[in-house]
Amino acid sequence: MKAICITKPYEIEIRDLPVPVPAEGEALLRILYCGICGADVASFTGNQPFTSYPRIPGHEFSAQIVSVPENDRGLKPGDLVTCNPYFNCGSCYACRKGRVNACMDNQTMGVQRDGAFCEYICMPVERIIAGGGLNARELALIEPFSISRHAIGRGHVAPGDRVLIVGAGPIGLFALLAAKAKGAEVTVCDLLPGRLDKALQFGADHVVLSGAPDEAEQMAALTGGSGFDICVEACGQSVTFLKCIERACHGAQVILIGNGKKETTFLHSVLLKKELNVYGSRNAFTADFEDLIRLVSSGAVPVTGMISAEYDCLDALSAFRALVQNDGSLEKVLLRFADPA
């Protein structure tokens, strides 16, 4: 089978590997579509601290079951599925508390272990999530959507809440969709006008250009000077985290999705003064995937509009290069491995 392997930063090989043989309790899956995550791009550029080389990337994917052991979940050969790609140890303190998404020895496919950028993979049956009637492209978007959905859930977003999302990349836009599904009034802030246009297409109530001379005045006008109930940081930058703290109202929630790589310095007394709740958000639960599949299958959320480009899997190098040079016009980029049989 063909597999996409990052051998070292900026170098990709198409390798011929044997089709894997399922162990006990595993199914054999034929990969259909894979999304390229920011973590995959970081592995490609050498900026992913958790990746060693060579590494097969990929954890946003759809697949078709080739073979599956007898199970009580109704899974059978031919089914279209996606999977929970965050392998937890099951024995650490977080796992014992049920916080498997924050496992102390978490191994995400494509990062700490090989991922789904290959024609076939084996997966434990308990990690397979039925597709609920979604097509292969839609299913490949469920994992990144689940990251944002989980984060919005951390902040207890309720109807009528004023939500600010800083960063309109894929995770920020998925957070927009998740917040709108909760009935929130959502403002999106980004440096790139094209991304703000995309946010409006996805239902943002307001957009604000980051760095505009009147940015602060626009934000104040949108909240009557009080600030936002929930601020979502979706960039992983120090400046955007500080912006969330600044724009948050007293008693607000600040949710961190972006994976920052630099230290942030701030006067922590502002957290006390405003009595802010600051939530980190990591990975997602299987229930997040299942909830989203039901939501998307209802037709309420047009996720395929997130797809900016599609490449054949053998042209993966071009896809990665396009994302490295992304001017903001690319949101989700998919690699096509196969169409459903």
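Helices here are DSSP runs of H or I with at least four residues, strands are runs of E with at least two, and both are numbered from the N terminus. This is a predicted model, in which local features need pLDDT of at least 70 and side-chain atom pairs count only at pLDDT 80 or more, while totals for chains, interfaces and linings use all residues. Residues are numbered from 1 along each chain as its sequence is written, and side-chain values use heavy atoms, with hydrogens and water left out.

Is Leu323 buried or exposed? Its relative accessibility is 14%, so Leu323 counts as buried (buried means under 20% relative accessible area, exposed over 50%, and partly exposed in between, with a 1.4 Å probe and protein chains only). Leaving aside residues up to four places away in sequence, Leu323 touches Ile36, Val41, Leu330, Glu331 and Val333, where contact means heavy atoms within 4.5 Å. Ile31, by comparison, is 292 residues from Leu323 in sequence, and their C-alpha atoms are 22 Å apart in space.

Now look at strand 16 (residues 307-312) and strand 17 (residues 332-336), which pair in the parallel sense over five bridges. Two strands pair if DSSP finds at least two bridges between them. Tyr311 has Leu335 in strand 17 as its bridge partner. On the way from strand 16 to strand 17 the chain passes through helix 11, and this β-α-β crossover is right-handed: with the strands pointing away from the viewer, the path from the first strand over the helix to the second runs clockwise.

Which order do the strands take in the open sheet of six? They follow 12-11-10-13-14-15, with parallel pairing. Strand 12 (206-209) and strand 15 (277-280) stand at the edges with a single partner strand each, so one side of each has no neighbour in the sheet. On average, neighbouring strands of this sheet are turned by 20 degrees against each other, direction ignored.

Strand 10 (residues 162-166) is mostly covered, with four of its five residues buried. Five bridges join strand 10 in parallel to strand 11 (residues 185-190), and there Leu164 stands opposite Thr187. In strand 13, Leu164 has Cys231 as its bridge partner, and Val166 stands opposite Glu233.

## A helix on the sheet

Helix 8 (residues 238-247) packs on this sheet and touches strands 10, 11, 13, 14 (248-256) and 15. The direction of helix 8 makes about 155 degrees with that of strand 14. Axes are lines fitted to C-alpha atoms, for helices over the stretch in contact, and angles run from 0 to 180 degrees between N-to-C directions.

Seven of the 10 residues of helix 8 are buried, so this helix is largely enclosed by the rest of the structure. Among them are Phe241, Cys244 and Ile245.
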